[in-house]
Amino acid sequence: MNEDVAIIEEVYDIVLPEVPASIHRWGRKVWLRDIEIGAKGKFIFYEDGVFKITFLSRITNIIQVSDRLEIYTHRSIYKLRLLSNEP
């Protein structure tokens, strides 16, 4: 899962999982790095002509069903849609 590309579809706070959070990240295309339970993963994305990194808090759970991926961290729940491998 460390070379996958995904679209962030939704983000929620772990304390209030029914309340949307980080709406500015929704729709962002990201490259996944270090996405495994116990790790502090990263999302790499391209914005304003520059590659940037979002560092996640420690990952507590990962659920993948088909092309859907949910990443649970100590602070947030990320719901992503995996894209076919792209350069």
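**Note on an all-strand predicted model**

1. W31 stands opposite I44 in β3. The pairing behind this position joins strand β2 (residues 29–33) to strand β3 (residues 42–47), antiparallel and over three bridges. Two strands are taken to pair if DSSP finds at least two bridges between them. Strands themselves are DSSP runs (E, at least two residues), as helices are (H or I, at least four residues), and both are numbered from the N terminus.

2. Residues are numbered from 1 along each chain as its sequence is written, and side-chain values use heavy atoms, with hydrogens and water left out.

3. The protein has seven strands and zero helices. Its radius of gyration is 12 Å, close to the 12 Å from the globule rule for 87 residues, so the protein is as compact as a globular protein of that length. The radius is taken over C-alpha atoms, and the rule is 2.2 Å times the number of residues to the power 0.38. Along the principal axes, the C-alpha atoms fill a box of roughly 35 × 25 × 20 Å.

4. The seven strands of the open sheet are ordered β4-β3-β2-β1-β7-β6-β5, with antiparallel pairing. β4 (50–55) and β5 (59–65) are at the edges with a single partner strand each, so one side of each has no neighbour in the sheet. On average, neighbouring strands of this sheet are turned by 35 degrees against each other, direction ignored; the axes are lines fitted to C-alpha atoms, and angles run from 0 to 180 degrees between N-to-C directions.

5. Beyond its neighbours within four places in sequence, T73 is in contact (heavy atoms within 4.5 Å) with I14, L56, S57, R58, I59, T60 and Y78.

6. Across the protein, buried residues make up 34% of the 87 residues. Of the contacts between residues at least 6 apart in sequence, 40% join residues at least 24 apart.

Terms used: Predicted model: local features only at pLDDT ≥ 70, side-chain atom pairs only at ≥ 80, totals over all residues. Buried < 20%, exposed > 50% of the residue type's maximum accessible area, 1.4 Å probe, protein only.
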